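This report describes the fold, the cores and the aromatic pairs of one protein model. Please study the sequence and the structure before reading on.

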Amino acid sequence: MNPTPKTLTIPSPDGDAVIFDPDGPVGQTATLTRPSSISEKDIQNLPSALDRRSEIGRRAGKRRIAVFLDYDGTLTPIVASPEAANLSAPMRRTLETLSKHAPVAVISGRDLDDVRKRVDIPTIYYAGSHGFDILGPDLRYRHGREFLPALEGAEAHLTERLKNIGGVRIERKTFSLAVHYRQVREPDIGRVEAVVDAVLAMHETLRKSGGKKIFELQPGIEWHKGKAVLWLMENLGLGGPEALPFFIGDDLTDEDAFKTLAKHGIGIVVRDNETRTTAAAYALENTDGTMRFLEFLISIRSGDSQRA
């Protein structure tokens, strides 16, 4: 297992930087510019990453690219049952090909074993539970193991208190608890959240986050997908200005990664007709757009500029 890096400073072309110190307060990430310098935009007003391929290609230049992606809604369409979200063969082939030209990591809210089995590419990197559980070739890191007993207690309380509400599904991941309410009747969703909040109050070391039709309890520390990206970049030798990270995601939990990379990387949101603001710089319309953009990245690193 690689040691946790002491610090990581990633400069950007405009002189800003992000400092990552896992030995500081809960692995705190700080930006050397005012927080307001990372602006959010209407997701529907973002330019298409496919329409701006020439611009993105110029920015990539000869820099070392790395590609980080969410799973659900980014590599596979959102479906009613998470178990049915299977990676298509063409998407798997595209990821395998890209991994021959650049480091690739899938950073998902799913449990590590789940997302790894679904993608099933041994040459890429994986981070489950929103980045708390990281695995890759010759690399292993788990963050927040001291919170596992609290998660076990919360799981028992949620199971008991939600058992009489139809459509609720509780998913225990190693480092989080997801309460899915996609199939809950609209009048009952407030009851589900009230139970989640009551259980959270019983376990003060945990925190609540949200996503598409889920409430989630996670370790109450400042660790998220963005910090997982920084950890991976350092351990993959991508901590200098010669690196250009991409993050592609669709969910609110991906905003942490977009904000982390806003000054020195490229964030791309899969918007799928959603209405909200985002810290991403570009957008794709759906998972088909994700595959087309990955094919473009392959083309600029394989020398086949006509492929895009």
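The text below moves from the whole chain to selected residues.

The model is predicted, so local features need pLDDT of at least 70 and side-chain atom pairs count only at pLDDT 80 or more, whereas totals for chains, interfaces and linings use all residues. Residues are numbered from 1 along each chain as its sequence is written, and side-chain values use heavy atoms, with hydrogens and water left out.

**Overall picture**

The protein has eight helices and 17 strands; helices (H or I, at least four residues) and strands (E, at least two) are DSSP runs, numbered from the N terminus. Of its 308 residues, 53% are buried, where buried means under 20% relative accessible area, exposed over 50%, and partly exposed in between (1.4 Å probe, protein chains only). A contact means heavy atoms within 4.5 Å. Among contacts between residues at least 6 apart in sequence, 61% join residues at least 24 apart.

The predictor's confidence in each residue is given by pLDDT, from 0 to 100. Its mean is 87, and 86% of the residues reach 70 or more. Over residues 1-36, however, the pLDDT is below 50, although this stretch has 79 contacts in the model beyond near neighbours in sequence.

**Nonpolar cores**

A nonpolar core is a set of buried Ala, Val, Leu, Ile, Met, Phe, Trp, Tyr and Cys residues joined through side-chain atoms within 4.5 Å. The largest core holds 52 residues, of which F68, L158, L217 and L232 touch the most other members. A second, separate core of 37 residues includes L50, V67, L87 and F293. In soluble globular proteins, nonpolar side chains tend to be buried together.

**Aromatic pairs**

Rings of Phe, Tyr and Trp (its six-membered ring) pair if their centres lie within 6.5 Å; planes under 30 degrees apart count as stacked, over 60 as edge-to-face and the rest as tilted. This rule gives seven aromatic pairs. Two of them are set out here.

| Pair | Centre distance | Plane angle | Class |
|---|---|---|---|
| F132 and F175 | 6.1 Å | 15 degrees | stacked |
| F293 and F296 | 5.6 Å | 50 degrees | tilted |

F132 and F175 lie 43 residues apart, and their pair links distant parts of the chain. F132 and F175 are both buried. F293 and F296 are likewise buried; because they are three residues apart in helix 8 (residues 287-302), about one helical turn separates them. Ring pairs also link Y141, W223 and W231 into a cluster.
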